[in-house]
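Thank you all for coming. Please have a look at the model on the screen, and then I will take you through it step by step.

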Amino acid sequence: MTTTTRIERHHYDVVVIGAGGAGLRAAIEARLAGKKTAIISKSLFGKAHTVMAEGGAAAAMGNVNSRDNWQVHFRDTMRGGKFLNNFRMAELHAKESPQRIWELETYGALFDRTKDGKISQRNFGGHEYPRLAHVGDRTGLELIRTLQQKIVSLQQEDHREHGSYDARIKVFSETTITELLLDGDRVAGAFGYYRESGEFILFEAPAVVLATGGVGRSYKVTSNSWEYTGDGHALALRAGATLINMEFLQFHPTGMVWPPSVKGILVTESVRGDGGVLKNSEGKRFMFDYVPDVFRNQYAETEEEADRWYTDPDNNRRPPELLPRDEVARAINSEVKAGRGSPAGGVFLDIASRRSADEIRRRLPSMYHQFKELADVDITAEPMEVGPTCHYVMGGVEVDPDSGAAFGHVRGLFAAGEVSGGMHGSNRLGGNSLSDLLVFGKRAGGHAASYADGLAARPKVAVDAVEAAVETALAPLQRDTGESPYTLQQDLQAVMGDLVGIIRREGELADALVRLAELRERVAKVSAVGGRRYNPGWHLALDLRNMLVVSECTAKAALERQESRGGHTREDYPAMEPKWRQVNLVCALDGDTVQLTRKPLPKMRPELIGLFDRAELAKYLTDEELADFDALVADAGEADNR
Amino acid sequence: MSAKRQFRIWRGDETGGDLQDYMVEVNEGEVVLDVIHRLQATDAPDLACRWNCKAGKCGSCSMEINGKPRLSCMTRMSTFGDDETVTVTPLRTFPVIRDLVTDVSFNYEKARETPAFAPPPDVAPGDYRMQQVDVERSQEFRKCIECFLCQNVCHVIRDHEENKQAFSGPRYFIRAAELDMHPLDTRTDRKEYAQAEQGLGFCNITKCCTEVCPEHIKITDNGIIPMKERVVDRRYDPLVWLGSKIFRRGETPQTSVTTARQGSATPSSATRSGIHSHAGAPTTRGPRRRRRAASTGIGRCPTRPRRRSTTGAGFR
Ligand SMILES: Cc1cc2nc3c(=O)[nH]c(=O)nc-3n(C[C@H](O)[C@H](O)[C@H](O)COP(=O)(O)OP(=O)(O)OC[C@H]3O[C@@H](n4cnc5c(N)ncnc54)[C@H](O)[C@@H]3O)c2cc1C
Ligand code: SF4
Ligand code: SF4
Ligand code: FES
């Protein structure tokens, strides 16, 4: 076949797929390590999902409450994830986030300030102290722009030194990777197309960092953009890597519900962090009725106490509106089901009666505009209507916590950010993603660079693999008998939304798997009309197969896990089951089929488990684990007495 | 609450194209981008357009709607009359790639040329101290979502390909201004750079950029005009320079404008509503029409331009 000779080829040391916070931070690190680095993104530079993050980045800097430190952050993260988190990732994240945020200031970031000139920090669900570094409600924009500008500054250095901006770090925007290429079990490169021209492009590189974000487009009601089709998850699977925790999806409690066309668009949690409360159609602050036992001690029991907390957090407990997201989303779901919802099928989120109009406009400027312009609602005067929306995938590529290297049988593949799994366990706390991107982006970029250094010989890209990739990519354009990709996407979204949604049941999950298998046949025959130049129908046709395999992982794992925990709620198994806490469900690909295996969770180190008190652990651990814990405490006590 | 509405959408690529008519269903509360998505899912599966967030946060979905540069995700259908035809064309200042997608690489090139933040060498990470009032001025500019609508509307480059080399445009003037006002940036020549390298002198303060900015950044009043003011000797006296960084808020902004290329351009509203014309676009659109450079005359910004050619006579 002659096609391969006409494909544009590039050679890099490290190829980073994804230009969000994780990808950009990884690329900076690889370039700082002296590696020739490429950054690839489906959108224009600076438009990745990270740009949409609103609330903030969590880091225990202790600027607002000096009692905060990494141990407290670690505890909150583990609690939020219902102890299913990879403890080592949660530990690294809690320890390293402050440095990663401070570093952004040296790149030019301008966070909001405290009175004494430090980075201001705001309250957020599940965080014990004000912890989120923020810029109004556009923190993600600040983060991505800062990283983008840091990359420009590195390019300017290279321009001075080598005469070319692209000498050592180059951005390939509007370029989609469709396949990873292997040499045996080693990554050898990545193959994709330029959206603009439809021409193919081949990157030969020994190390690839996946930073492709999430999977939300498999749901109709989602805060995610067209980019979130699970590409990185699927690329990893096909390259022989494994995914964990795919049953855990975060449904953010507050998405817009009206008008229908904006259903799902996010209403930041900062509205609640800054004093907003949730009410049902009877005007009742219903969250007080939904505080689960495991959180009983940390949340206020009366409205008075909850309200006092905003000004005196040391002597009062926090309002239940600030419970972790899974709890709030389920509560809203129940209220609506019980007939106490708002006219458009959500509940009311009220900040108007709680803060002055000026303050609302100052602290939540983009929410103010979003409602004004999209829904004709003035949030300084009336409540918003909100309901759950598919927001974040906790599951992702199973990685080594320290290096971000993918598990499974592939080498040279790294993952960071939303596409990786483990860090957030069964439920992510708000604000923990932005800091996760920085901490693990840096790590993955650095380790990819040293992996490339350590190779004696460069893996080679096989010509037939490139030919196969070309064929797969062109197939939808060459078929005119199949269905429209848009129809298939709608059908997939219907299956996932109806059968693998926020509340799950065995029968429905089994049904979902049957339907996904049918969809698989149809997706294999999808047709796209038009040519190769900037053809969104074709692009979607290629994304579909990724969405499908990732959806299968979610449905399979959701059927398997017979308990409710974090972002996985089974109506038929409503309780959290300590035995299931010891299990990660791991997905791998065998040919075309998703294989599920159970894997024990790594055991927390003594000094980390020692940060919790027994009463709390008793809610999560099995009896044997508790006995181990008691032995540990007894040992420590004896050691003290010696 | 759904009705059929008439849309005219420019379809084509760099070799040419024309407006095509579509009758399409529109439901309550929808924005122009929703309608485009519906067209993709029905009559026009390969209709090219950019979008990401659908909430005015990413700046991807810029296009010209009934001649006005807008974010299509923030343009509600209810802002048009019931029988009004909605005409959607690509940004005019940048070369078309396909349909509503243009080649905006000009902007990324200018971004790359603007000198980056220069951190203070002796302040360790974690030790940065700044007051909220001092960061607010720069924060206003950092709200920019890079929709490039201001770049698109600026008459200096809108129909003047020849000026693109020398002119960075309002987006990058505010980037320079943002760094100039950054309390800890150590470069002292941001203004001079804007004058000498970014072509700030081409700007005659028509304020069209400010008018289209979806983030409501006061590009001209807060960014461009302060950058045009020249404080003599500011650069050469380190003490004065330090003072200017810290106390600048207290100063009265100078409004008299002296630029390298133009004698003077006064930002008076008389200029805008009087001599300055908004009707910039030619009625028919052949190959790009070249007109005199803005620096030689009075600028025209098509904030409310006429429609693009409906004849399909080759789109640039
Ligand atoms: C509305 C909203 C608000 C949020 N607010 C917060 C918040 O306040 N705090 C917080 O911590 N988190 C927040 N989150 C979550 C957080 O923003 C995301 O999890 C995070 O930004 C993901 O970053 P990332 O670097 O992993 O990927 P992204 O920023 O999503 O970037 C993914 C990149 O991968 C590229 N890509 C994907 N597939 C391919 C492919 N096949 N080929 C080439 N490139 C590809 C994309 O083009 C993109 O550049 C929010 C999320 C949303 C949607
Ligand atoms: S004020 Fe007018 S001339 Fe100056 S940058 Fe803005 S649009 Fe261009
Ligand atoms: S300054 Fe305003 S109009 Fe210009 S690119 Fe930024 S957001 Fe868009
Ligand atoms: S889609 Fe992001 S601004 Fe319109």
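Let me begin with ligand 2, which is surrounded by 12 residues, where a residue counts as near if one of its heavy atoms lies within 4 Å. The closest of them are B:Cys154, B:Cys203, B:Thr206, B:Lys207 and B:Cys209. By class, this shell has 7 nonpolar, 4 polar and 1 charged; here Ala, Val, Leu, Ile, Met, Phe, Trp, Tyr, Cys and Pro count as nonpolar, Asp, Glu, Lys and Arg as charged, and the others, Gly among them, as polar.

Residues are numbered from 1 along each chain as its sequence is written, chains are lettered from A and ligands numbered from 1 in the order in which they are written, and side-chain values use heavy atoms, with hydrogens and water left out.

Around ligand 3 we find, among others, B:Cys144, B:Cys147, B:Cys150 and B:Cys213, together with B:Glu146 and B:Glu215. The shell of ligand 3 comprises 9 nonpolar, no polar and 2 charged residues.

How far can we trust the model? It scores ipTM 0.92 and pTM 0.90. Where pLDDT is low, the predicted coordinates should not be read in detail.

Turning to the domains, whose bounds come from an automatic or database domain assignment, chain B is divided into domain 1 (2–102) and domain 2 (105–238). The C-alpha centres of these two domains of chain B lie 30 Å apart, and 15 residues of domain 1 of chain B are in contact with 17 residues of domain 2 of chain B. Chain A, for its part, is divided into domain 1 (250–391) and domain 2 (606–641), with C-alpha centres 37 Å apart.

Technical notes:
This is a predicted model: local features need pLDDT of at least 70, side-chain atom pairs count only at pLDDT 80 or more; totals for chains, interfaces and linings use all residues. Contact means heavy atoms within 4.5 Å.
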